[in-house]
Amino acid sequence: MQALAFWLTVGALQLLTAVHGGPQQQRFVAPDITWSLSKVQNFAWENCGPPSEPAIIKSLSVSPDPIAVPGDVTISASGANTISLCAPLKATVILEKKLGDIWIKVPCVDQLGSCTYDDTCTMLDSLIPPGEPCPPPLQTYNIPCHCPFKAGTYTLPSSEFFIPNMDLPSFLTNGDYKMRVVLSNGDQEMSCTKLSFSLQAEDIRAKL
């Protein structure tokens, strides 16, 4: 579950906005805005590290497919970690977009794309200040939202989130994407997760 939580943090910030229960008119604002996300589809995932890694996702379901934006998404997940995950917990994200028959690495621009986040624990603290309760449904199911993450098994039953309107930068437009997220502490790899999905966006300028 921790791997999922950090993927949501670094690879799908819009879902964190939804977890916080933002109003339907709220927009996720990215740099160089010219596109508005309208659909996410073909979502798939897999663990990419050895079975002995400290943190793994056991199950993850996202529906419907496609997901309309804005709109509701239903997520269920379970995961486990065998050791406590403590700061500094680094996340290394590699995001690639398919162009023809080849995959092109998306560069890191303003903390979006193929980026390295040296201290994701601090990122979580900035999103949810320490001392504040974790947002539902995390609090409901005793899923932590701050470091350290104690060893254990965590389960998120089927839960509904609202994805608000989201504006995208020009380098994250229509196409097929794959993402690899590696969590590490020092020289030790904690987890590795691969994700794939397709995005469909509309040109905002065409609506003006």
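This note covers the disulfides and the salt bridge of a predicted model.

1. Basis. Local features need pLDDT of at least 70, side-chain atom pairs count only at pLDDT 80 or more, and totals for chains, interfaces and linings use all residues. Residues are numbered from 1 along each chain as its sequence is written, and side-chain values use heavy atoms, without hydrogens and water.

2. Disulfide count. The model has 4 disulfides, each a pair of cysteine sulfur atoms within 2.5 Å. With the bonded cysteines numbered in sequence order, the pairing reads 1-8, 2-3, 4-7, 5-6.

3. C48–C192. The S to S distance is 1.8 Å. The torsion about the S-S bond is about -95°, so this disulfide is left-handed. C48 lies in the loop between β1 (33–47) and β2 (55–63), C192 in strand β11 (residues 188–203), 144 residues apart in sequence. Strands are DSSP runs of E (at least two residues), helices runs of H or I (at least four), numbered from the N terminus. C48 is partly exposed at 25% relative accessibility; C192 is buried at 2%. Buried means under 20% relative accessible area, exposed over 50%, partly exposed in between (1.4 Å probe, protein chains only).

4. C108–C115. Here S to S is 2.0 Å. The torsion is about 100°, so the bond is right-handed. C108 is partly exposed at 37%, C115 buried at 2%.

5. C134–C145. The sulfurs are 2.0 Å apart, and both cysteines are buried.

6. Salt bridge. There is 1, under a rule of Lys or Arg side-chain nitrogen within 4 Å of an Asp or Glu carboxyl oxygen. K178 pairs with E96, closest N and O atoms 3.9 Å apart.
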